[in-house]
Amino acid sequence: MTPNRLVPPAAGDPTASAPLRAQVRAFLAAQYAEGRIGRTADSWLTGWDEDFSRALAEHGWLGMTVPVEYGGHGRTHLERFVVTEELLAAGAPVAAHWIADRQIVPSLLKYGTEEQKHTYLPAIARGECYFGIGMSEPDSGSDLASVRTRATRTDGGWSITGTKVWTSGAHRADAFICLARTEPVDPAHRHDGLSQFLVDLRSPGVDIRPIVSMNGEHHFNEVVLEQVFVADDRVFGTLGNGWQQVTSELSFERSGPERFLSTFPLLAATAAQMAAGTLPRHTDLGRYLARITGLHEMSTAVAGALERREPADTAAAVVKVLGTTTEGDIADFADLLAGDGTPVGSEYRAMLGHAVVQRPGFTLRGGTNEVLRGVIARGLGMR
């Protein structure tokens, strides 16, 4: 690994974030005490609570990195990192705003037109606009270059036909960014000819079909687009530049604290059970805390690189691979430790059961770890 491929640690005084962390923790404690929210594992995917999202917005904790002129708060990526880390560590229900705030905001700031920014960013910052992501397709896996959704020119805009799958929250979201092919496939340059569009999910021709998990929960969807009209002013970024834009967006999707904190509430609850004597003490608890601490530092470094608008694709992939592996290991650790007959209480048992059910998806979503190992190898110049 050569020095120019390293992402340096985040600069600044690490204690400077202490007041902000304290504010978020006090807010969460009040929400729990009032019975407004509960704690769960994998809350950024499964915890959809629009009232809670609006409460965060009232405190200025949505749209934090959005400039004031677009209805945001003009704060740094590292400040936003602190808030999201505290929310995830507490298992708070953040799914409603998660994709919009994590991924759509930086994408709009980088690629959106002025009209698009003024339309969507203030609504996201108020907790009133929710987004999905239209990348994955049936039978494509993590190979986004193989998308078959097509956008063809029509009077005043584009007609989009195709199918997107594993679209989190589409049945509740207002819109999604759809990756579609606008030029014929060139076998020698498969990533060319792709473009992105802002699609209103209530448009005629949009059919949202639920994908229900084995436990009966509904978070994912198949979104079928049949000649859906999208006006020219909803082309996102530059036509034909979709692959480059998606790659940029994935740095935000893959490197955040949600890639290593999905099961942290379970780990914290396991430590509490050990302290209470309802679970046996085990040295692996310290081992997992050490891994979380290292991932915190790595993810913070990527947030710093994104703040400086430096490339962080390879580093983000590393965080995602190591982080999601750790999340799954924590679920397995708690499951083996608790067993079937341990008197840990119904709340702990429910959180554990939820984590175990969600566990298979940790290393799949956002690009499988197998594919991302290839991304890492290429990024490090390995052959």
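In which strand is the place of Ile211? Ile211 lies in strand E6, which spans residues 206-212, where strands (E, at least two residues) and helices (H or I, at least four) are DSSP runs numbered from the N terminus. This is a predicted model, in which local features need pLDDT of at least 70 and side-chain atom pairs count only at pLDDT 80 or more, while totals for chains, interfaces and linings use all residues. Residues are numbered from 1 along each chain as its sequence is written, and side-chain values use heavy atoms, with hydrogens and water left out.

**Confidence**
- The protein chain has an average pLDDT of 90, and 96% of its residues score at least 70; pLDDT is the predictor's confidence in each residue, from 0 to 100.
- Confidence in the protein chain is lowest in helix H7 (residues 242-255), with a mean of 79, and highest in helix H6 (residues 114-125), at 98.

**Surroundings of Ile211**
- Leaving aside residues up to four places away in sequence, Ile211 touches Val165, Trp166, Glu217, His218, His219, Phe220, Asn221 and Glu222, where contact means heavy atoms within 4.5 Å.
- Ile211 and Val105 are 106 residues apart along the chain, and their C-alpha atoms are separated by 27 Å.

**Helices H5 and H6**
- Helix H5 (residues 95-111) packs with H6 at an angle of about 155 degrees, and their axes are 10 Å apart; axes are lines fitted to C-alpha atoms, for helices over the stretch in contact, and angles run from 0 to 180 degrees between N-to-C directions.
- Because of that angle, H5 is roughly antiparallel to H6, a term for angles over 145 degrees, whereas those under 35 count as roughly parallel, 65 to 115 as roughly perpendicular and the rest as oblique.
- On the H5 side the contact is made by Ala100, Asp101, Ile104, Val105, Leu108 and Leu109, and on the H6 side by Gln116, Lys117, Tyr120, Leu121 and Ile124.
- The residues of this contact of H5 with H6 divide into eight nonpolar, one polar and two charged.

**Helices H9 and H10**
- Helix H9 (residues 284-307) and helix H10 (residues 313-338) pack at an angle of about 155 degrees, with 10 Å between their axes, and H9 is therefore roughly antiparallel to H10.
- Among the residues that make the contact are Tyr288 and Leu295 of H9 and Leu322 and Phe333 of H10.

**Annotated region**
- The UniProt annotation "domain: Acyl-CoA dehydrogenase/oxidase N-terminal", from an unreviewed entry, covers residues 20-128, and such annotations may be inferred rather than shown by experiment.
- Over residues 20-128 the chain is 63% helix and 0% strand, with the end C-alpha atoms 24 Å apart.

Notes
Nonpolar A, V, L, I, M, F, W, Y, C, P; charged D, E, K, R; others polar.
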